[in-house]
Amino acid sequence: MGDMESYKVMLNGPAPWGFRLQGGKDFSMPLSISRLTPGGKAVQAGVGVGDWVLYIDGESTSSMTHIEAQNRIRACGDRLSLTLSRAQNHMGKPQKICQTNLEGKTFYSKKDKPLCKSHAFSHV
């Protein structure tokens with residue numbers, strides 16, 4: 001996989017912010033965006049499904065559990081500042097995250113991102 005492109009967004013509240021988190025230290029995987037509300041604040045700010053959440057309101061998420069991240073987001077009030085990263089493939093384009101489950105199994109890349117069977121064996 002190539003370099004990580006990080007970017008910041010400032011979402012103006014109040015909540016809902018229009019995204020769902022997955023992962024955290026307690027799940028042994030990085031915090032990332034698992035779902036977006038169509039037309040929501042996160043979508044309007046350019047957040048993508050699969051983007052990793054690096055900082056919430058200036059605080060690193062590297063050691064946060066899932067509930068700690070949720071609580072940090074709730075504590076932000078009317079302005080939520082996020083620093084996120086978007087994986088880049090060798091062509092410099094954002095990686096697309098596949099949500100397909102085949103025979104009840106989800107395939108994962110080296111960075112623990114869910115992939116469909118057709119992408120599970122490609123170099124991502």
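Which residues is His66 in contact with, leaving aside its neighbours within four places in sequence? Keep that in mind while we set up the view.

**Before you click**

This is a predicted model, in which local features need pLDDT of at least 70, side-chain atom pairs count only at pLDDT 80 or more, and totals for chains, interfaces and linings use all residues. Residues are numbered from 1 along each chain as its sequence is written, and side-chain values use heavy atoms, with hydrogens and water left out.

**Colour by confidence**

Start with pLDDT, the predictor's confidence in each residue, from 0 to 100. The chain has a mean of 78, and 66% of its residues reach 70 or more. Select residues 89-110, where pLDDT stays under 50 and the model has 39 contacts beyond four places in sequence; a contact means heavy atoms within 4.5 Å. Then select residues 115-124, also below 50 in pLDDT, with 19 contacts beyond near neighbours in sequence.

**Switch to cartoon**

**Select His66**

His66 belongs to helix α2, residues 66-74. Its contacts, leaving aside neighbours within four places in sequence, are Leu21, Gln22, Gly23, Gly24, Asp26, Phe27 and Leu31. His66 is buried, with a relative accessible area of 16%; buried means under 20% with a 1.4 Å probe, counting protein chains only. Of the 124 residues in the chain, 38% are buried.

**Show the largest pocket**

A pocket here is an open set of points on a 1 Å grid over the protein atoms alone, where a 1.4 Å probe fits, with protein on both sides within 12 Å along at least five of seven lines; lining residues have an atom within 4 Å of a point. The largest one holds about 330 Å³ of space, a volume filled by probe spheres set on the points. Select Trp17, Phe19, Arg20, Leu21 and Ile73, the closest to its centre of the 14 lining residues. Strands β2 (19-24) and β3 (29-36) and helix α2 each supply at least two residues of the lining.

**Finish at Asp78**

Asp78 sits in the loop between α2 and β6 (79-87). Draw a distance from its C-alpha to that of Ala15: the two are 63 residues apart along the chain and separated by 7.3 Å. Not counting residues up to four places away in sequence, Asp78 touches Leu11, Asn12, Gly13, Pro14 and Trp17.

Definitions and conventions
Helix = DSSP H or I, 4+ residues; strand = E, 2+ residues; numbered from the N terminus. Buried < 20%, exposed > 50% of the residue type's maximum accessible area, 1.4 Å probe, protein only.
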